[in-house]
Amino acid sequence: MRAMRVAEYGSPKALKVEDLPAPAPGKGEYLLAVEAAGLGYVDALLVQGAYQVKTPLPFIPGSEVAGRVEAVGEGVPEKLVGTRVMALSPRGALAEKIALPAAVCNPLPDNMTSEAAAGFLISYCTALYGLENCGHLQPGETVLVLGAAGGVGMAAIDVAKAMGAKVIAAASTEEKRQAAIAHGADMALDYSKEDWRKSLDEMIGKSAVDVVYDPVGGAFSETAFRCLAPGGRHLVVGFAAGDIPKLPLNLALLKRASLVGVDWGGEIRANPAANLPLMKTLTQWAVDGKIHPEPTATFPLEEAGTVLQSLLERKSVGKPVIRMNG
């Protein structure tokens, strides 16, 4: 099979397609013919060896995958061969074949493409878990999404709109702001400017933000927290800017506001059943057309290293997805 393998930690741009032996399905496993693989910022960090948990070498990167069941292992009904599924895996998605436990694979709705499914699980489950379970978002409230043009931000826009919220997208370039608007945001602002809080106040009025969805961190977080209305919720999703911010806690006191950590992965590791209602809701929303998880761009396997590098440099717009058939 064709695959990308990390033999040593380093720049994603150094990755090349290799011919490797295909895996065989073990007991209780599917062998998937991979049709699409979603990529995220964490995948790029893992290739560098810069993530908080290192993946042992060598490994095939990629954790979001969609494809068709090609073969089954012991204990799995043969009738499931040919079924289209999506799944999460610690590694292995950037390959033409992957063996996974049947229990981690979810059936694809008939009207969802493999490309949409491959970029669906992490970003959308995190968005719904964050906005609903952690942020208690209500219809009619206003959400400020930082890093709105990335895959995580785009999913948050989509989910927030499906929940009946008003969405302000914060992004650093005109291209990214227009992409966020095209994906459903009501308004967009340039948060690379020093006075971006003033621009937000002019758009919607002071202290009109009910929820901040923050996958960026850095210097943006404190300004965003200051934009919250009394009783607002600041959702900490990640630190794509690189720096972990330090907020003056008197802000939370004065605003009667909450700072809430959003760790969907940690939640489902601790309580696997918690993801079932999230997946049920999101899948139904996709079937009903309430959310739109189709990727903004797809790439062949040969370009996966370049795509991962663009994620590190925060140049990517939307959720990048690799198509195995080129």
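Student: In this predicted model, what share of the contacts between residues at least 6 apart in sequence joins residues at least 24 apart?

Tutor: In the protein chain, 70% of those contacts join residues at least 24 apart, where a contact means heavy atoms within 4.5 Å.

Student: How many helices and strands does the protein chain have, and what makes it as compact as a globular protein of that length?

Tutor: The chain holds 11 helices and 15 strands. Its radius of gyration is 20 Å, and the globule rule gives 20 Å for 326 residues, so the chain is as compact as a globular protein of that length.

Student: Why is the pair of Phe120 and Tyr124 called stacked?

Tutor: Three aromatic pairs are counted. In the pair of Phe120 and Tyr124, the ring centres lie 5.4 Å apart, within the 6.5 Å limit, and the planes stand at 25 degrees, under the 30 degrees required, so the pair is stacked.

Student: How do you know whether Phe120 and Tyr124 are buried or exposed?

Tutor: Buried means under 20% relative accessible area; Phe120 has 0% and is therefore buried, and Tyr124, at 4%, counts as buried too.

Student: What makes the pair of Tyr191 and Trp196 edge-to-face?

Tutor: Their ring centres are 6.2 Å apart, again within 6.5 Å, but the planes meet at 75 degrees, which is over 60, so this pair is edge-to-face. Tyr191 is buried at 3% relative accessibility, as is Trp196 at 3%, and Tyr191, Trp196 and Phe220 form one aromatic cluster.

Key: Residues numbered from 1 in each chain as written. Predicted model: local features only at pLDDT ≥ 70, side-chain atom pairs only at ≥ 80, totals over all residues. Heavy atoms only, no water. Phe/Tyr/Trp six-rings, centres within 6.5 Å; stacked < 30°, edge-to-face > 60°. Buried < 20%, exposed > 50% of the residue type's maximum accessible area, 1.4 Å probe, protein only. Helix = DSSP H or I, 4+ residues; strand = E, 2+ residues; numbered from the N terminus. Rg over C-alpha atoms; globule rule 2.2 N^0.38 Å.
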